[in-house]
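Hello,

Please find the structure you asked about below. My notes on what turned up in it follow.

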Amino acid sequence: MLKPEDVTYSVPRFLSFIDLAYLLDATKVADEHLASKLPEPSTDEDRNKIGNINATRQSLLRAAFIASYAILEQNLDELVEMERKKKNILLLASELKDRGIVRSLTYANKVLGYEIDINLNHWKELLLLQEVRNHLVHYGPDFSATKDHNNRFDRFATSPYVTLRPVICFTIGQIEKIFELYMACVHDFLPSDPEEQD
């Protein structure tokens, strides 16, 4: 017989954005727990423990960011897929050459007839966060001494959603702001005409 803690529930993919709320709550709880373990820096051993705990907190926050970005990508994919089916369009978004969020944007604008302005600030910020996500996935939080990484560092340093120490770091407040940014972007994919929502 399964115990309650052994049962995992899943929501339908079109509701996957709900996962962001769960992810944020879990991240906050874990971060608060780790923060409560920080000792006063009175000895070298205490300072080492502080460094280890803070490194663990950053690993957790970076993982939450990467997971949240995947949830956003999946949600935008699902929104365009639902609209494609509703309009009986044969061309699938997966048939486009673009990938990720750019594919959803291209499909929404060129196939579904949306007019999402990617020059708006929230889209510029999101596309910069896409670069942050790609950097974390392919290179980790560090930057090498290359021109490309120096340019990235300079671009990331302008974002209010990221802290560079000098590696990529986040605060819980920044993660919350990132999730608010996601909602602004998702809003652009929702029908504006109330009759379209029926």
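**Confidence and overall layout**

Within the protein chain, mean pLDDT by element is lowest for α1, at 92, and highest for β2, at 98. This is a predicted model. Over the protein chain the mean pLDDT is 89, with 88% of residues at 70 or more. Where pLDDT is low, the predicted coordinates should not be read in detail.

The protein chain contains 6 helices and 2 strands, in the order α-α-α-α-α-β-β-α along the sequence. It has 198 residues, of which 36% count as buried. Taking contacts between residues at least 6 apart in sequence, 62% of them link residues at least 24 apart.

**The nonpolar core**

The largest nonpolar core is made up of 41 residues, and Phe170 and Phe189 have the most contacts inside it. At least two residues of this core come from each of α1 (18–36), α2, α3, α4 and α6. In soluble globular proteins, nonpolar side chains tend to be buried together.

Leaving out residues up to four places away in sequence, Phe170 touches Gln58, Leu61, Arg62, Phe65, Val132, Leu136, Tyr161, Val162, Ile175 and Ile178.

**Aromatic residues**

There are 8 aromatic pairs. In one of them, Phe65 and Tyr69, the ring centres are 6.4 Å apart and the planes meet at 55°, so this pair is classed as tilted. Phe65 and Tyr69 sit 4 residues apart in helix α2 (residues 44–86), which means about one helical turn separates them. Both Phe65 and Tyr69 are buried.

Phe65 also pairs with Phe170; here the centres are 4.9 Å apart with 35° between the planes, and the pair is again tilted. Because Phe65 belongs to helix α2 while Phe170 is in the loop between β2 (168–169) and α6 (172–187), the pair ties together parts that are 105 residues apart in sequence. Phe170 is buried, as is Phe65.

Which residues make up the aromatic cluster that includes Phe65? The members are Phe65, Tyr69, Phe170, Phe179 and Tyr182.

**Helices α3 and α4**

The axes of α3 (residues 100–110) and α4 (residues 121–139) come within 10 Å and cross at roughly 145°. On the α3 side, the contact involves Ile101, Val102 and Leu105; on the α4 side, it involves Trp123, Leu126, Leu127 and Gln130. By class, this contact between α3 and α4 has 6 nonpolar residues, 1 polar residue and no charged residues.

The buried residues of α3 are Gly100, Ile101, Arg103, Ser104, Leu105, Tyr107 and Ala108. The cover over the buried residues of α3 includes α2 as well as α4.

**His135**

Is His135 buried or exposed? Its relative accessibility is 0%, so His135 counts as buried, the cut-off being under 20%. Apart from neighbours within four places in sequence, His135 is in contact with Gly140, Asp142, Phe143, His149, Arg152, Phe156 and Ile168.

Regards

How values were computed. Residues are numbered from 1 along each chain as its sequence is written. This is a predicted model: local features need pLDDT of at least 70, side-chain atom pairs count only at pLDDT 80 or more; totals for chains, interfaces and linings use all residues. Side-chain values use heavy atoms; hydrogens and water are left out. Axes are lines fitted to C-alpha atoms, for helices over the stretch in contact, and angles run from 0 to 180 degrees between N-to-C directions. Contact means heavy atoms within 4.5 Å. Ala, Val, Leu, Ile, Met, Phe, Trp, Tyr, Cys and Pro count as nonpolar, Asp, Glu, Lys and Arg as charged, and the others, Gly among them, as polar. Rings of Phe, Tyr and Trp (its six-membered ring) pair if their centres lie within 6.5 Å; planes under 30 degrees apart count as stacked, over 60 as edge-to-face and the rest as tilted. Buried means under 20% relative accessible area, exposed over 50%, partly exposed in between (1.4 Å probe, protein chains only). A nonpolar core is a set of buried Ala, Val, Leu, Ile, Met, Phe, Trp, Tyr and Cys residues joined through side-chain atoms within 4.5 Å. pLDDT is the predictor's confidence in each residue, from 0 to 100.
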